[in-house]
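Dear colleague,

Please find below the sequence and structure that I am handing over to you. A summary of what was found follows directly after them.

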Amino acid sequence: MSNVTTLARDWLEAKRAETEAAERRFNIEVQLAAALDVKDEGAITHKIDGYKVTLSQPVYRSVDANF
């Protein structure tokens, strides 16, 4: 097996691990949002057993001055 083949295989394995970690993190974020108070817009910080958890709901607004 050439070095390039090994690198390509390792890259694919690392990419798969990244995708799985991102999915796991997203699922945890959903559970945190369900367990804690979340504002409709803005951010709220919860201090729980030595952890600081900030949940934010950004709202983007724009104005079309030519309308």
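Two residues are said to be in contact when they have heavy atoms within 4.5 Å. Among contacts in the chain between residues at least 6 apart in sequence, 0% join residues at least 24 apart.

Please note that this is a predicted model, in which local features need pLDDT of at least 70 and side-chain atom pairs count only at pLDDT 80 or more, while totals for chains, interfaces and linings use all residues. Residues are numbered from 1 along each chain as its sequence is written, and side-chain values use heavy atoms, with hydrogens and water left out.

Confidence is expressed as pLDDT, the predictor's confidence in each residue, from 0 to 100. The chain has a mean pLDDT of 94, and 99% of its residues reach 70 or more. Helix H1 (residues 3-35) has the highest confidence, at 97, and E2 the lowest, at a mean of 94.

From the N terminus on, the order is α-β-β. The radius of gyration, taken over C-alpha atoms, is compared with a globule rule of 2.2 Å times the number of residues to the power 0.38. For this chain the radius is 20 Å, well over the 11 Å that the rule gives for 67 residues, so the chain is more spread out than a compact globule. Its C-alpha atoms fill a box of roughly 60 × 50 × 15 Å along the principal axes.

Strands E1 (residues 42-48) and E2 (residues 51-57) pair in the antiparallel sense over seven bridges; pairing requires that DSSP finds at least two bridges between two strands. Within this pair, Ala43 stands opposite Ser56 in E2. The two strands form a hairpin with two residues between them, and Asp49 in the turn has a positive phi of about 45 degrees.

Which residues does Leu32 contact, leaving aside its neighbours within four places in sequence? They are Val53 and Leu55. Leu32 itself lies in helix H1, and its C-alpha atom is separated by 8.7 Å from that of Val53, 21 residues apart along the chain.

As for burial, buried means under 20% relative accessible area, exposed over 50%, and partly exposed in between (1.4 Å probe, protein chains only). Leu32 is partly exposed, at 33%. Of the 67 residues of the chain, 7% count as buried.

A colleague

How values were computed. Helix = DSSP H or I, 4+ residues; strand = E, 2+ residues; numbered from the N terminus.
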